[in-house]
Amino acid sequence: VSNFKIIESTLREGEQFANAFFDTDMKVKIAKALDGFGVEYIELTSPASSEQSRKDCEIICNLGLKAKILTHVRCHMDDARIAVETGVDGLDIVIGTSPQLMQHSHGKSMDYIRDTALEVIDFVKSKGLECRFSSEDSFRSDLVDLLNIYSIVAKVGVNRVGIADTIGCANPRQVYDLVRTLRGVVQCDIECHFHNDTGCSIANAYCALEAGATHIDTSVLGIGERNGITPLGGFVARMLVADRDYVRSKYDLTKLKAIEDLVAAAVEINVPFNNYITGFCAFTHKAGIHAKAILANPTTYEIINPADFGMTRYVHFTSRLTGWNAIKSRVNQLGLDMTDSQIKSCTVRIKAMADIRHLAIEDTDAIINAFYENLYSEQN
Ligand code: HCA
Ligand code: CU
């Protein structure tokens with residue numbers, strides 16, 4: 001699964017998130033932040049969507065970023081003609097291939113799709129730009145139709161073909177099977193795009209790579225249509241566990257939190273409490289058994305080193321589940337000098353209080369300090 005590229009779609013799929021409105025300044029900020037993180041591609045809303053979208057696309061193309069800039073357009077000559085003039089490095093073209101979309105969305109046949117795709121691809125390539133052809137709703141499309149169209153577009157030199165789980169119906173095994181089959185049919189790169197309606201978007205991305213895909217679409221915090229797509233942070237977490245050196249060599253992971261905070265503020269949401277890596281409790285250890293082991297050696301209960309992301313772990317010490325090792329650690333942080341047996345007695349007191357009510361950090365610190373002062377006054 002090493003050797004993959006990220007196509008970061010916060011400025012395309014992410015713009016389809018219910019709360020998203022990005023003005024030009026915000027788009028520039030997000031594009032620069034993603035470039036600083038090191039994503040290989042940044043995908044932008046179609047310049048055919050609106051006049052401002054077209055201008056913003058040109059502005060981002062002129063920033064001189066390291067990342068390649070793509071724009072996402074319908075498989076249609078009118079849109080392609082506008083897109084190739086913006087200065088983008090490539091076009092991601094897409095058309096619905098499932099019976100549902102062929103009937104209710106664009107109303108075209110497979111023959112029409114093939115002919116238009118060939119015309120658009122030929123046009124994009126003639127401009128010297130990268131071109132990807134993707135089916136929309138791939139998992140409800142006819143397999144024979146799909147493989148047929150992909151092999152035709154691959155023969156005319158498309159750079160990538162794309163699979164999209166537009167409605168979020170696919171599971172990891174189905175993804176593996178489809179990508180594996182496609183891998184046997186085309187030589188070119190394979191891009192995958194997964195919606196998260198049933199919580200499979202990261203697992204599906206991982207399975208796609210295992211099956212031979214090369215490019216994965218993400219967005220910051222997963223924002224997109226409905227509940228969104230594969231989140232950048234969660235995907236990177238998944239890949240880091242698979243190959244830490246490779247992922248750390250490609251991306252500046254310490255920038256993840258700032259990018260998420262930027263996008264969360266822009267779309268007026270909070271980062272979810274249980275977010276991968278950056279959720280407030282992602283590296284909090286609470287039960288006595290966990291805390292003890294973590295204090296001895298963090299790898300006991302952590303698969304990811306929070307320091308890789310510039311995050312810190314936190315050992316919870318203010319609950320009825322707290323053990324004396326966590327209290328000892330807190331006592332040391334507070335600079336107090338207590339023996340192990342004193343710490344154990346103090347822990348008993350904390351647990352008794354925590355059985356009665358929720359304790360905040362200050363409450364527990366107060367119990368520790370009172371216990372300590374009491375020791376001191378007993379000595380005198
Ligand atoms: C959409 C389009 C898309 C495109 C994915 C792609 C999808 O329905 O808004 O081009 O790879 O989910 O099918 O986002
Ligand atoms: Cu999508």
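**Entry 1: Asn227**

I looked up Asn227 and found that it counts as partly exposed, because it has 16 C-beta neighbours inside 10 Å. I noted the rule: a residue is buried if 20 or more other C-beta atoms lie within 10 Å of its own, exposed if 12 or fewer, and partly exposed in between, with C-beta atoms placed from the backbone. The model is predicted, so local features need pLDDT of at least 70 and side-chain atom pairs pLDDT 80 or more, while totals for chains, interfaces and linings use all residues. Residues are numbered from 1 along each chain as its sequence is written, and chains are lettered from A and ligands numbered from 1 in the order in which they are written.

Where does Asn227 lie? I found it in the loop between strand 8 and helix 9. Helices (H or I, at least four residues) and strands (E, at least two) are DSSP runs, numbered from the N terminus. Not counting residues up to four places away in sequence, Asn227 touches Asn196 and Asp197; contact here asks for C-beta atoms, placed from the backbone, within 7 Å. I also checked His195: this residue and Asn227 are 32 residues apart in sequence, and their C-alpha atoms are 7.8 Å apart in space.

**Entry 2: helices 9 and 8**

Next I followed the chain into helix 9, residues 232-242, where 9 of the 11 residues are buried. Among them are Phe235, Arg238 and Met239. The cover over the buried residues of helix 9 includes strand 1 (5-8), helix 8 (201-210) and helix 11 (256-266).

Helix 8 is largely enclosed by the rest of the structure, because 8 of its 10 residues are buried. I listed some of these, including Ile202, Tyr206 and Cys207. What do the buried residues of helix 8 pack against? I found strand 6 (160-165), helix 7 (172-183), strand 7 (189-194), strand 8 and helix 9. Just after helix 8, Gly212 takes a positive phi of about 115°.

**Entry 3: strand 4**

Why is strand 4 largely enclosed by the rest of the structure? I counted its buried residues and got 7 of 7, so that is the reason. In a regular strand the side chains alternate between the two faces of the sheet. On one side of strand 4 I see Gly90, Asp92, Val94 and Gly96, and on the other Leu91, Ile93 and Ile95, all buried.

Strand 3 (residues 68-74) pairs with strand 4 in the parallel sense over 5 bridges; pairing asks for at least two bridges found by DSSP. His72 has Asp92 in strand 4 as its bridge partner. Strand 4 also pairs with strand 5 in the parallel sense, over 7 bridges. There, Ile93 stands opposite Phe133 in strand 5.

**Entry 4: ligand 1**

How many residues surround ligand 1? I found 14, and the closest are Val94, Glu136, Ala164, Thr166 and His193; to be near, a residue needs its C-beta atom, placed from the backbone, within 6 Å. Strand 4 (90-96), strand 5 (130-136) and strand 6 each supply at least two residues of this shell. I sorted the shell into 2 nonpolar, 7 polar and 5 charged residues. Ala, Val, Leu, Ile, Met, Phe, Trp, Tyr, Cys and Pro count as nonpolar, Asp, Glu, Lys and Arg as charged, and the others, Gly among them, as polar.

**Entry 5: the whole chain**

Finally I stepped back and found 15 helices and 10 strands in the chain. Buried residues make up 46% of the 380 residues.

Methods: Contact = placed C-beta atoms within 7 Å.
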